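These are my notebook entries on one protein model. I set down each point in the order in which I looked it up.

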Amino acid sequence: MIDFRCACGQALFFENTACLRCGSRVGYDPVARRMLPLSVLDGRPPQSASGPLCRNGAEHGVCNWIVGEHDQQYCLSCRLNQTIPNLCDGSRLHWWKQLEQAKRRLIYGLLNLRLPVASKHESQHGLAFRFIEDRRSNPEVAEEHVYTGYAEGVITINVAEADEVRRELERRHAGELYRTLLGHFRHESGHYFFHLLIDSAERTRRFRELFGDERQDYADALRRYHSRPRTQGDDFISAYAESHPLEDWAEVWAHYLHMTDTLETAGHYGLPQGSAHFDRFDDLLLKWSDLTVTLNSLNRSMGLEDAYPFVLSAATLRKLRFVHELIDPS
Ligand SMILES: [Zn+2]
Ligand SMILES: [Zn+2]
Ligand SMILES: [Zn+2]
């Protein structure tokens, strides 16, 4: 992530809607990859009733992206939405905001790696998001059980994942080291890009060599995973990765996105362990192992858990290298 600055020199975060020093209203332009003061865009021919800001920002305060010249009302990120939470009370609005923030970070990272991001209106292989609740968090809704997951270009996130308390309970119940909204988005995007990137016999062969045969019964594999005690073999980045080759892939994919985004952030903030270029995988790895030690030490100084509580085994590194070669970010 870039170290954004306001025209007055004040640091801006990716999520900011205004500068804390000079008060300028700002928005992020995903094409120019810059935070811009909305005042300079106000004179532009109006693309939408909400002006340069995405309609979800203007009407609900959940988005700070700028609408492109040819867009209608919604920004590149919000155009991907198929279902948003029922905004029946303030907590749903808060959860939705958290979901949108994580989604925009995912999309920033994908665009940074020059991966295609298009809605289903723009491409038959486009991507869509559904944020849905089930009865465990809202007795009013019809759905008994909504699984966070992926099917046919649609990423579904259970809205309750945006509730920090529920998410932490779920993390403990699942015996996971790390559970965040951003992690969910990155993981699920891996399922989408599997279909786009594993597109030849050769790539399929290499995939199966590293991850196993993805044709094995998915429901069976998941049932087996949930019925056995949590262990994690050296060949896997997480316990969940062991459940099925496609889950292993999605976990490794998510880690690749964690790495590249965090390295870029560190690079822009002047840390020697950072890097805004991802052309050489070996360099990237060296910097990453250095950076995670720094990151975890900083967190420990603040009395927090490790930011990156994972060990990368030789098998995991081979899988990460495969993802790197497929994306080819050079
Ligand atoms: Zn300012
Ligand atoms: Zn938006
Ligand atoms: Zn998955």
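**Entry 1: a pair within one helix.** I note at the start that this is a predicted model. I began with Glu 59 and Arg 55, which are four residues apart in helix H2 and are therefore separated by about one helical turn. I then looked up how their side chains meet. Glu 59 and Arg 55 form a salt bridge, and their closest N and O atoms are 2.9 Å apart. Glu 59 has a relative accessible area of 49%, so it counts as partly exposed. Arg 55 is partly exposed as well, at 27% relative accessibility.

**Entry 2: the zinc site.** Which protein atoms are the donors of the zinc ion (ligand 2)? I found the SG atoms of Cys 54, Cys 63, Cys 75 and Cys 78, lying 2.2 to 2.3 Å from the ion. Along the chain, these donors follow the spacing C-x8-C-x11-C-x2-C. Cys 54 and Cys 78 link distant parts of the chain, being 24 residues apart. I located Cys 54 in the loop between helix H1 (38-41) and helix H2 (55-60). Cys 78 lies in the loop between H2 and strand S5 (81-83).

Why is the arrangement around the zinc ion (ligand 2) called tetrahedral? The four donor atoms subtend angles of 103 to 114°, and four donors count as tetrahedral because all their angles lie between 85 and 135 degrees. For reference, I wrote down that the ideal angle for four tetrahedral donors is 109.5 degrees.

**Entry 3: disulfides.** I recalled that a disulfide is a covalent bond between the sulfur atoms of two cysteines. How many disulfides does the structure hold? The count is zero. I also looked up Cys 8, which is partly exposed with a relative accessible area of 28%.

**Entry 4: further salt bridges.** The count for the structure comes to 29 salt bridges. One of them joins the side chains of Glu 122 and Arg 79, at 3.1 Å from N to O. This pair links distant parts of the chain, 43 residues apart. Glu 122 is in the loop between helix H3 (90-112) and strand S6 (128-132), whereas Arg 79 is in the loop between H2 and S5. Glu 122 counts as partly exposed at 44% relative accessibility, and Arg 79 counts as partly exposed at 24%.

I next looked up Glu 176, which forms a salt bridge with Arg 179. The closest N and O atoms of Glu 176 and Arg 179 are 2.9 Å apart. Returning to the pair, I found Glu 176 partly exposed at 24% relative accessibility. Arg 179, in contrast, is buried, since its relative accessible area is 18% and the limit is under 20%.

**Entry 5: a nonpolar patch.** Which residues make the nonpolar surface patch of about 300 Å²? I found Phe 13, Tyr 269 and Leu 271. Phe 13 has its place in the loop between strand S2 (11-12) and strand S3 (26-29). At 56% relative accessibility, Phe 13 counts as exposed, because the limit for that class is over 50%.

Terms used: Residues numbered from 1 in each chain as written. Chains lettered and ligands numbered in written order. Predicted model: local features only at pLDDT ≥ 70, side-chain atom pairs only at ≥ 80, totals over all residues. Heavy atoms only, no water. Donors = N, O, S within 2.8 Å, 3.2 Å for Na, K, Ca; no water. Tetrahedral: all angles 85-135°; square planar, octahedral: opposite > 155°, others 65-115°. Helix = DSSP H or I, 4+ residues; strand = E, 2+ residues; numbered from the N terminus. Patch = residues over 30% accessible without salt bridge, like charges linked within 9 Å, V, L, I, M, F, W, Y side chains within 5 Å. Areas by Shrake-Rupley, 256 points an atom, 1.4 Å probe, with all protein chains shown as cover. Salt bridge = Lys/Arg side-chain N within 4 Å of Asp/Glu carboxyl O. Buried < 20%, exposed > 50% of the residue type's maximum accessible area, 1.4 Å probe, protein only. Disulfide = S-S within 2.5 Å.
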